[in-house]
Amino acid sequence: MPAALPRALTDSWRAARHAVVLCGSGVSAESGVPTFRDAQTGMWASFRPEDLATPEAFQRNPSQVWDWYAWRRELCDRIEPNAGHLALARLASAMPRLTLLTQNVDGLHQRAGSPEVLEIHGNIHRNLCFAEGTPVSDADMIAGRPPTCVRCGSLVRPAVVWFGEAIDSDMLDRALEACRDCDVFISAGTSSEVYPAAGFGRIAADTGAVLVEVNPDETPLTPICDYVLRGQSATLLPALVAAYISDEERQ
Ligand code: OAD
């Protein structure tokens, strides 16, 4: 049974010509990826971020950080995109402009078929030279825990953004341009606690976008949203996309 959407939301949504969808770990929850902050099941409930997801932690104990990322990579390899990812891939070919921003590093949007994804926190399947920050392919790496770079001998690290690190400035510029241009902004499956992504919705709203939240729980963004859809993204994103596409088909 498709989820019911408020009538006024459906009207704005059907008129949208550029949507930004910002995804967080909740979008991958139904694929089997733990979220970061959910009290009982989130990754940070079992691990301390400062032990695993900072440059300092990596310098202190690269093997331990790599053990954690190897576990997460294996998890990502075992799972499949869910109905939410698939719906967003479908939306890309139906809407004049869709900007898909994800904080997720699992690559599930691409596996679902999304043609363009701004991965603002990187991708767990790629690597960087820790000393030079340059991409390192498997061929340029001496395997091990930790692996090392054949070119300079430095440690190799996962190509993800850690606490205390800036996101890529070109990517940030593209994200901000999209937030200012869009007519609907959907914040899906994110706690809206980690900046700069947590601020994107407000930027979009300040420049006139309709702000929609898809999340089973309240977040700091909730009070300024025009519409709050309480529930799981694997149900609600397909409902939103179906509402948009059914209208396209009528035109
Ligand atoms: P969080 O764990 O902070 O938040 C996950 C959100 O998803 C929560 O608000 C949940 O209520 C919601 N949620 C859970 N299940 C859901 C479902 N089935 N459908 C929709 N929503 C659901 O994860 P993020 O907001 O992604 O950054 O965290 C942001 C960043 O913090 C991550 O990218 C990561 C982390 O530290 C870095 O590692 C740099």
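**Exercise 1. The ligand site**

Solution. 
- Step 1. Ser25, Phe36, Arg37, Thr190 and Ser191 come nearest, out of 23 residues around the ligand. The model is a predicted one.
- Step 2. Take Phe36. One of its backbone N or O atoms lies 2.7 Å from an oxygen atom of the ligand.
- Step 3. Take Arg37. A polar backbone atom of Arg37 is 2.5 Å from an oxygen atom of the ligand.
- Step 4. Take Thr190. Here a polar side-chain atom lies 2.6 Å from a ligand oxygen atom.
- Step 5. Turn to cover. On its own the ligand has 790 Å² of accessible area, and the protein covers 93% of that.

**Exercise 2. Placing Ser192**

Task: Where does Ser192 lie, and is Ser192 buried or exposed?

Solution. 
- Step 1. Locate Ser192. It sits in the loop between E9 and helix H10 (197-206).
- Step 2. Check accessibility. The relative accessibility of Ser192 is 7%. Buried means under 20%, so Ser192 counts as buried.
- Step 3. List the contacts, leaving aside neighbours within four places in sequence. Ser192 is in contact with Ser187, Ala198, Thr219, Pro220 and Leu221.

**Exercise 3. A salt bridge within one helix**

Task: Which residue forms a salt bridge with Asp11, and how are the two placed in helix H1?

Solution. 
- Step 1. Find the partner. Asp11 pairs with Arg7, and their closest N and O atoms are 3.2 Å apart.
- Step 2. Asp11 is partly exposed, at 39% relative accessible area. Arg7 is exposed, at 65%.

**Exercise 4. Salt bridges between separate elements**

Task: Which parts of the chain are linked by the pairs Arg111 with Glu80 and Glu213 with Arg230?

Solution. 
- Step 1. Start with Arg111 and Glu80. They form a salt bridge, the closest N and O atoms being 3.3 Å apart.
- Step 2. Arg111 lies in helix H8 (residues 108-112), and Glu80 in the loop between helix H6 (62-78) and helix H7 (83-94). The pair therefore ties together parts 31 residues apart in sequence.
- Step 3. Take the second pair. Glu213 and Arg230 meet in a salt bridge at 3.6 Å, N to O.
- Step 4. Glu213 is in strand E10 (residues 210-214), and Arg230 is in the loop between strand E11 (227-229) and helix H11 (233-250). They are 17 residues apart.
- Step 5. Glu213 is buried, at 0% relative accessibility. Arg230 is partly exposed, at 39%.
- Step 6. Widen the view. The whole structure holds 11 salt bridges. Arg97, Glu177 and Asp181 are linked in a network of salt bridges.

**Exercise 5. The nonpolar cores**

Task: Which residues touch the most other members of the largest nonpolar core, and which element gives the largest share?

Solution. 
- Step 1. Name the residues. Trp13, Val184, Ile186, Val212, Leu229 and Leu240 touch the most other members of this 31-residue core.
- Step 2. Find the element. H11 gives the largest share, seven residues.
- Step 3. Inspect Leu240. Leaving aside neighbours within four places in sequence, Leu240 is in contact with Leu5, Leu9, Trp13, Ile186, Val214 and Leu229.
- Step 4. Look beyond this core. Another core, of 24 residues, lies apart from it, and its members include Met43, Trp68, Leu75 and Cys129.

Notes
Residues are numbered from 1 along each chain as its sequence is written. This is a predicted model: local features need pLDDT of at least 70, side-chain atom pairs count only at pLDDT 80 or more; totals for chains, interfaces and linings use all residues. Side-chain values use heavy atoms; hydrogens and water are left out. A salt bridge is a side-chain nitrogen of Lys or Arg within 4 Å of a carboxyl oxygen of Asp or Glu. Buried means under 20% relative accessible area, exposed over 50%, partly exposed in between (1.4 Å probe, protein chains only). Helices (H or I, at least four residues) and strands (E, at least two) are DSSP runs, numbered from the N terminus. A nonpolar core is a set of buried Ala, Val, Leu, Ile, Met, Phe, Trp, Tyr and Cys residues joined through side-chain atoms within 4.5 Å. Contact means heavy atoms within 4.5 Å. A residue is near a molecule or strand if one of its heavy atoms lies within 4 Å of it. A polar contact is a pair of N or O atoms within 3.5 Å; within protein, one must be able to donate a hydrogen and the other to accept it, and residues adjacent in sequence count only if both atoms are side-chain atoms. Accessible areas come from the Shrake-Rupley method with a 1.4 Å probe; for residues, only the protein chains shown count as cover.
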